[in-house]
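Please look over the sequence and the structure shown here before reading on.

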Amino acid sequence: MKKKVLVTGGCGFIGANFIRLLLTNQPEWQVINLDKLTYAGNLENLEDVADNPRYSFICDDICNQEQMDVLFREHAIDTVVHFAAESHVDRSITNPDAFIQTNVFGTFSLLEAARKAWLISEKKTVSQRRFLHVSTDEVYGSLGETGYFTEETAYDPRSPYSASKASSDHLVRSYYHTYGLPILITNCSNNYGPYQFPEKLIPLILNNALKGESLPVYGDGANIRDWLYVVDHCEAIVRVVEDGTVGQSYNIGGHNEKKNLEVVELLCTILDQKVGLLPSGRPRTKLITFVKDRLGHDRRYAIDANKIADQLGWTPRYTFEQGIEKTVDWYLANKKWMDAVIDGSYQQYYEKMYADR
Ligand code: NAD
Ligand code: DAU
């Protein structure tokens with residue numbers, strides 16, 4: 001095997017898509033998925049690849065320093081792709097504790113485990129090691145009507161979530177400057193696609209719209225996000241692992257800015273076409289309800305992805321229209337998954353399974 005990759009948070013939305021991509025496209029990469037299985041992590045997200053001989057799963061918490069040390073000692077890991085995080089901004093506003101724990105302390109514990117294994121125990125091989133930290137464009141704060149986030153934009157996080165991610169980015173970078181840990185950081189814009197937990201805008205709207213429930217749009221609906229299909233993000237991460245310059249950051253984005261209201265209206269129109277109008281005969285846009293705005297709601301995100309395009313030859317493969325079509329079809333074919341993650345029935349099953357061991 002060319003690489004032994006530790007993927008943290010592989011049972012979440014992007015992690016599961018990433019692992020599936022590796023097992024399909026990287027035949028010489030062995031994958032260990034480490035995930036705590038929080039409300040956002042589901043083994044079902046990888047059910048179809050669970051028996052692949054190049055894949056294994058470990059249920060653990062990245063904050064567990066002793067176990068992270070053991071993991072690095074026992075598995076000769078040479079590459080880390082670190083997704084595990086609390087990822088939902090609204091939850092960070094109501095309950096920031098878990099964000100500081102997982103995003104800051106958890107990242108710190110992984111960095112320490114990598115430092116001990118790669119820089120103390122096996123010094124000479126460090127040039128073949130990589131620690132890729134998956135981060136977000138939210139660390140840069142909020143844009144006005146013009147401009148883009150570049151890798152040089154000053155950090156200005158404005159929610160507990162983005163502040164915890166910014167903190168982890170700083171820690172990761174400090175391990176490069178201080179110890180020479182071979183790190184890479186990616187800062188990506190909003191992802192959408194299969195297996196996204198239905199608390200995030202696109203799957204939440206799809207779920208509510210299918211059930212004929214109201215579609216909450218925060219504030220005036222004019223906040224802008226730069227949407228990227230999840231497979232494009234995963235392919236960009238592979239490019240950075242393979243050829244990124246150690247110590248550097250790469251912005252990843254779709255050049256695809258949309259107002260929230262525009263996205264919600266588009267989803268309504270697609271559903272009306274695919275499954276028919278509401279039983280009342282009305283279009284789904286009638287379900288749109290403007291609700292109280294998110295506290296500290298960032299107005300606009302937009303990524304300048306020229307560095308990764310110029311240096312690593314990555315550009316998105318999917319247009320928004322293609323990606324949204326695939327996403328809607330996936331959710332229509334996986335309504336049971338959506339219901340199970342919403343009512344927590346997978347979680348209750350895992351809790352029993354791991355308690356029985
Ligand atoms: P997600 O919430 O869907 O998944 C997070 C995963 O991490 C889950 O499987 C969860 O069980 C696991 N996890 C949480 N705490 C853990 C812990 N203490 N120990 C081990 N595992 C733990 O998140 P996502 O949307 O897939 O995001 C993945 C990463 O990508 C995050 O770091 C996020 O900040 C970043 N990111 C996300 C987006 C996006 O649009 N979703 C965009 C840019 C960057
Ligand atoms: O930009 C990258 C970030 O994108 C990631 O780092 C985060 O992990 C990810 O959750 C996402 O953050 P956002 O806050 O942008 O995503 P969310 O889907 O929660 O919201 C998208 C936009 O839609 C945002 O402007 C808030 C708005 N919104 C969201 C929800 C859930 C609504 O108007 N109504 C809603 O019900």
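**The chain**

The model is predicted. The chain holds 12 helices and 13 strands. Its radius of gyration is 20 Å, close to the 21 Å that the globule rule gives for 357 residues, so the chain is as compact as a globular protein of that length. The C-alpha trace spans about 70 × 50 × 35 Å along its principal axes.

**Ligand 1**

Ligand 1 is surrounded by 28 residues, of which I14, D35, S87, Y161 and K165 are the closest. From the backbone, an N or O atom of N191 lies 2.9 Å from an oxygen atom of ligand 1, and a backbone N or O atom of L37 lies 3.5 Å from an oxygen atom of ligand 1. On its own, ligand 1 has 840 Å² of accessible area, and the protein covers 97% of that area.

Three elements, α1 (13–25), β5 (130–136) and α5 (160–179), each supply at least two residues of the shell around ligand 1. The element that gives the most to this shell is β5, with three residues. By class, the shell around ligand 1 divides into 12 nonpolar, 11 polar and five charged residues.

**Ligand 2**

There are 23 residues around ligand 2, and those that come nearest are T136, D137, Y161, R294 and H297. A polar side-chain atom of Y161 lies 2.6 Å from an oxygen atom of ligand 2. In the side chain of R294, an N or O atom is 2.6 Å from an oxygen atom of ligand 2. For H297, an N or O atom in the side chain is 2.6 Å from an oxygen atom of ligand 2. Taken alone, ligand 2 exposes 690 Å², and the protein buries 94% of that area.

The elements that give two or more residues to the shell around ligand 2 are α6 (201–211) and β8 (215–218). Here β8 gives the most, with three residues. The shell around ligand 2 has nine nonpolar, eight polar and six charged residues.

| Residue | Ligand atom | Distance |
|---|---|---|
| L37, backbone | oxygen of ligand 1 | 3.5 Å |
| N191, backbone | oxygen of ligand 1 | 2.9 Å |
| Y161, side chain | oxygen of ligand 2 | 2.6 Å |
| R294, side chain | oxygen of ligand 2 | 2.6 Å |
| H297, side chain | oxygen of ligand 2 | 2.6 Å |

**Pocket and cavity**

Rolling a probe the size of a water molecule over the atoms shows where empty space is left. The second largest pocket contains about 190 Å³ of space. Its lining is made up of L43, E44, L46, E47, A50, Y55, F57, Y349, Y350 and M353. Both β3 (55–59) and α12 (345–355) supply at least two residues of this lining, and the largest share, three residues, comes from α12. By class, the lining of the second largest pocket has eight nonpolar, no polar and two charged residues.

The count of cavities of 30 Å³ or more comes to one. About 60 Å³ of space lies in the largest cavity. This cavity is lined by 13 residues, and V89, S159, G296, D298 and Y301 are the closest to its centre. The lining of the largest cavity divides into four nonpolar, four polar and five charged residues.

Definitions and conventions
Residues are numbered from 1 along each chain as its sequence is written. Chains are lettered from A and ligands numbered from 1 in the order in which they are written. This is a predicted model: local features need pLDDT of at least 70, side-chain atom pairs count only at pLDDT 80 or more; totals for chains, interfaces and linings use all residues. Side-chain values use heavy atoms; hydrogens and water are left out. A residue is near a molecule or strand if one of its heavy atoms lies within 4 Å of it. A polar contact is a pair of N or O atoms within 3.5 Å; within protein, one must be able to donate a hydrogen and the other to accept it, and residues adjacent in sequence count only if both atoms are side-chain atoms. Accessible areas come from the Shrake-Rupley method with a 1.4 Å probe; for residues, only the protein chains shown count as cover. Helices (H or I, at least four residues) and strands (E, at least two) are DSSP runs, numbered from the N terminus. Ala, Val, Leu, Ile, Met, Phe, Trp, Tyr, Cys and Pro count as nonpolar, Asp, Glu, Lys and Arg as charged, and the others, Gly among them, as polar. On a 1 Å grid over the protein atoms alone, a cavity is a set of points where a 1.4 Å probe fits but cannot get out, and a pocket is an open set with protein on both sides within 12 Å along at least five of seven lines; lining residues have an atom within 4 Å of a point. Grid points are joined across faces, edges and corners, and a volume is the space filled by probe spheres set on the points. The radius of gyration is taken over C-alpha atoms; the globule rule is 2.2 Å times the number of residues to the power 0.38.
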